[in-house]
Amino acid sequence: MLKDYHVAVSRGGVGMTTLAYASVCQSGLSFANQLWMREEIVPALKDITDAIHAQGAKASIQLGHCGNMTHRATCGCKPVGASGGFNLYSPTFVRKLRKEEIIQIVEDYGNAVLLARKAGFDCVEIHAGHGYLISQFLSPYTNHRHDEFGGSLDNRMRFMRLVINKVMECAKDDMGVIVKMNMTDGFRRGMQEDECLLVAKELERLKVHALVLSSGFVSKAPMEVMRGSMPIRTLAHYMDMKHFWWLKLMLRLCGRMIIPTVPYKDAFFLERARRFKQELDIPLIYVGGMTSKDNMEQVLNDGFVALQMARALVHDTDFVNKIKDGTVTCSGCRHSNYCIGRMYTLEMKCNRCVGDLPEKLQKEIDKLEKRWE
């Protein structure tokens, strides 16, 4: 299924497709069936990259560690993070990483890059946003440490520096290194634009090849990342009862409070990304609400070197070629986020591609699609 999707979008006209998300070690898994980088999966990954290359596209893999956004049943240990405490998102208690564990995770990032090269990837994307582990160290909301990894922004960037230096060392001069980062965490106690811009300038100083400018914090402001509404009934329907029954109950009782709506519009990060572009010389990649030819041309004309798409390609893997040949000018995605709602136990798939849905789910999806038309 993973191979089929990436071959399809490669055949469908994308320049590079990214396998996401791959944990650098087992403790960084946020879903039980996720990729995590180890020697035994290299042949299967090589099979995927060979198939991507055969379609004329480049292959990238997103590397990260989810930190506190997991559960013992998923990652095989007590979840770890920049600081200890309780993560309501999982929900679970979290243990603060010790310094020697931090250094080991840095090494895991380097090893993951070496394995990515062995598997034939042209590029790695380091996930430093959305409230995953690097982001947990960066954000004052999740980093309450009193050692050299906490406190000032300079200290909170220390883990990121160690990771990026190791990644650049292992990537050498024959692999691309891009970093996905936040322009804001999306809530008052998180990182704001001014600090995020300083993080971007630090990544520029560390000579990464490009930045993907995103926003949001999955455990606090998840819809800032994706925009629109989460289909709560759909999410609860597909959730694994064995491991997530408590979260399913919470969703039914107070889902809209846990995952509040953030209004959707096309190119929703563009205004903020333009402000970052004025302050940076590093190549920038745009992500967020890329659904029409006009918006894509606008982003490229603004000087962004590339753009990323996800839901438009989940809806139609041939979307890019159809834009090129004039078959369509806009994606048929209707922003219900059904594809997100089913990902706890199933592959991401557009509701328009799954056949008949249960009536209660279809009603919810129809309502959300009308809301964002």
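Start your tour by selecting S214, which counts as buried because its relative accessibility is 2%, and anything under 20% falls in that class. Keep in mind as you click around that this is a predicted model.

S214 sits in strand 9. Show its side chain together with that of H130: the two side chains make a polar contact at 2.7 Å. Now bring up what else surrounds S214. Setting aside neighbours within four places in sequence, S214 is in contact with H130, K180, M181, N182, M183, T184, F269 and V287.

V287 belongs to strand 10, residues 284-287. Which way do they point? L284 and Y286 go one way, while I285 and V287 go the other.

Next, look at what lies on either hand of strand 10. Strand 9 (residues 210-214) runs parallel to strand 10, and three bridges join them. Click V212 and you'll find its bridge partner in strand 10, I285. Strand 11 (residues 306-308) is also joined to strand 10 by three bridges, again in parallel.

Last stop: follow the chain onward from strand 10. The chain passes through helix 13, residues 293-301, on its way to strand 11. This β-α-β crossover is right-handed.

Technical notes
Residues are numbered from 1 along each chain as its sequence is written. This is a predicted model: local features need pLDDT of at least 70, side-chain atom pairs count only at pLDDT 80 or more; totals for chains, interfaces and linings use all residues. Side-chain values use heavy atoms; hydrogens and water are left out. Buried means under 20% relative accessible area, exposed over 50%, partly exposed in between (1.4 Å probe, protein chains only). Helices (H or I, at least four residues) and strands (E, at least two) are DSSP runs, numbered from the N terminus. Two strands pair if DSSP finds at least two bridges between them. A crossover is right-handed if, with the strands pointing away from the viewer, the path from the first strand over the helix to the second runs clockwise. A polar contact is a pair of N or O atoms within 3.5 Å; within protein, one must be able to donate a hydrogen and the other to accept it, and residues adjacent in sequence count only if both atoms are side-chain atoms. Contact means heavy atoms within 4.5 Å.
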